[in-house]
Amino acid sequence: MKLQQVICLAFIGCLSFSNIAAEKEIDRIAAIVDNSVVLQSDIDDVVSRVKRNAEEQGQTLPSDQALRTQALERLILTSLQLQLAERMGLQISDAQLDDTIRNIAQGENLSIEAFRRQVEAEEGDYQRFREKLREEIITNEVVRGSVQRRIYISPQEVDSLLKLMEEQGAVSEEYNLGHILIAIPSQATPDDISAAKERADKVMELLENGSDFKRIAIASSSGGKALEGGELGFMNINEMPTLFSESIRDKKKGDLIGPMRSGAGFHILTIFDIRGENVAEIQEVKSRHILIKPSIILSEERARNTLQEFATKLRAGEADFAELAKTHSEDPGSKMNGGELGWSEPQIFVPAFRDTLLRLEPNEISDPFRTEHGWHIAQVLDKRVVDATADKKREQVYRMIYNRRFNEESANFLKEIRDEAFIDVLPES
């Protein structure tokens, strides 16, 4: 018997027993996804959250059935990523999760207790919020780890784009795009393609006649941001997929573009907003850190406690940061320099490290904090604002190319794992 059938029968058996005891359905399986399941309660939770957000923003929504279809698709992709993370051995510890929550709370100028009360007021269940956040961190890491190795950017590509931007006057506008994807299946037949084109033309007709873009995106799009109304967020034109960047040139806010064909299907775009970008000045920090990596021998708690002892001694003037880093840090790139990372933009670091550097005042020693690399303490030695030099421009151009490739490859990666999976959507009772 297949594992999927075992899961299904075992779960149905539990439900049957519960129905006898309680005389009502507690939950049901909505879909089998490889070796896991999507529950109806999870779909209900996503739909409720989308409705709550839409109500706060005054946004109209499509039918409940359309919302449930989109919610199910998102949960299927989440399940596949979590199963892949399990096979990769990727885990987020409670300590790492606590540190992420602490950074979120500090970013909103809230204490942990106040942040928890806010979550409970908005979400209802703090523990559920924690586990959803853990899932989000894990799925982001799965995509990042799987996609990064697919991306190679040559110096010649950076030079070419830099030259092109200079010839164009270094276009600095950022566009907040809306995106609707009418997908075509893998190995699509001519009839499949024709049917998708007809649906895309119908969607375009509705939009041209005044239908709300976000509502149509939620109802019809197969894009990754469908439940957000197709809103992709602000991007420089050079960060977008090439198909998008070429299509929106000389377009203005509110314009509709499409349908445009790609390997994924037919795309329809709109421009929600356009803004300028000031890149004349860049904030840099000069910092240093000590890294200790938990292992089978060294527990998470012991790694954190060791760094807490270091921080206490450093603040009391009883130890030297550089000597501690040379002796104990496990970052080979900075260890022999006394933990120094030199001058850099905080944005180049992983989010927890970036947020810590931005929060610290010069010469302040941080408390221990967790990133995917391990436990750290950090110190900001100085801060400065500098003009955008040629090197900085090259870094920005590199990031633009990287972001564009990352967005393209992320979509390809998610489509691949879905196409290769066993997925059985069960009929509603």
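In which helix is T139 found? The notes below take up that residue after a few remarks on the model as a whole.

1. The structure is a predicted model, so its confidence scores come first. The protein chain averages a pLDDT of 85, and 90% of the residues score at least 70. Residues 1-23 are another matter: pLDDT stays under 50 over that stretch. For these residues the model has 22 contacts beyond four places in sequence.

2. Next, the overall make-up. The protein chain has 429 residues, and 41% of them count as buried. Its secondary structure comes to 14 helices and 11 strands. Taking the contacts in the chain with a separation of 6 or more, 70% are between residues 24 or more positions apart.

3. The opening question can now be answered. T139 is found in helix α6. Its relative accessibility is 9%, and because buried means under 20%, T139 counts as buried. The side chain of T139 reaches the backbone oxygen of E136 at a distance of 3.0 Å. Apart from neighbours within four places in sequence, T139 is in contact with T78, Q81 and L82.

4. The second largest pocket has a volume of about 350 Å³. The elements that give two or more residues to its lining are β2 (36-39), α3 (64-88) and α6 (126-148). Of the elements, α3 gives the most, with seven residues.

5. Which residues lie nearest the centre of the second largest pocket? They are S36, V37, S79, L82 and E135, out of 18 residues that line the pocket. L82 has come up already, as one of the contacts of T139.

6. Q65 and V47 are 18 residues apart in sequence, and their C-alpha atoms are 9.8 Å apart in space.

7. The bond from G258 to P259 is cis, with omega near -5°. P259 lies in strand β5, which covers residues 256-261.

8. N109 is not a glycine, yet it has a positive phi of about 55°. N109 is found in the loop between α4 (94-107) and α5 (112-123). Its relative accessible area is 72%, so N109 is exposed.

9. The other asparagine is N363, which has a positive phi of about 75° although it is not a glycine. Where does N363 lie? N363 lies in the loop between α13 (351-359) and β9 (369-371). Why does N363 count as exposed? Its relative accessibility is 53%, and exposed means over 50%.

Technical notes
Residues numbered from 1 in each chain as written. Predicted model: local features only at pLDDT ≥ 70, side-chain atom pairs only at ≥ 80, totals over all residues. Heavy atoms only, no water. 1 Å grid on protein atoms, 1.4 Å probe; cavity = no way out; pocket = protein on both sides within 12 Å on 5 of 7 lines; lining within 4 Å. Points joined across faces, edges and corners; volume = space filled by probe spheres on them. Helix = DSSP H or I, 4+ residues; strand = E, 2+ residues; numbered from the N terminus. pLDDT = per-residue confidence, 0-100. Contact = heavy atoms within 4.5 Å. Buried < 20%, exposed > 50% of the residue type's maximum accessible area, 1.4 Å probe, protein only. Polar contact = N/O pair within 3.5 Å; in protein donor to acceptor, adjacent residues only side chain to side chain.
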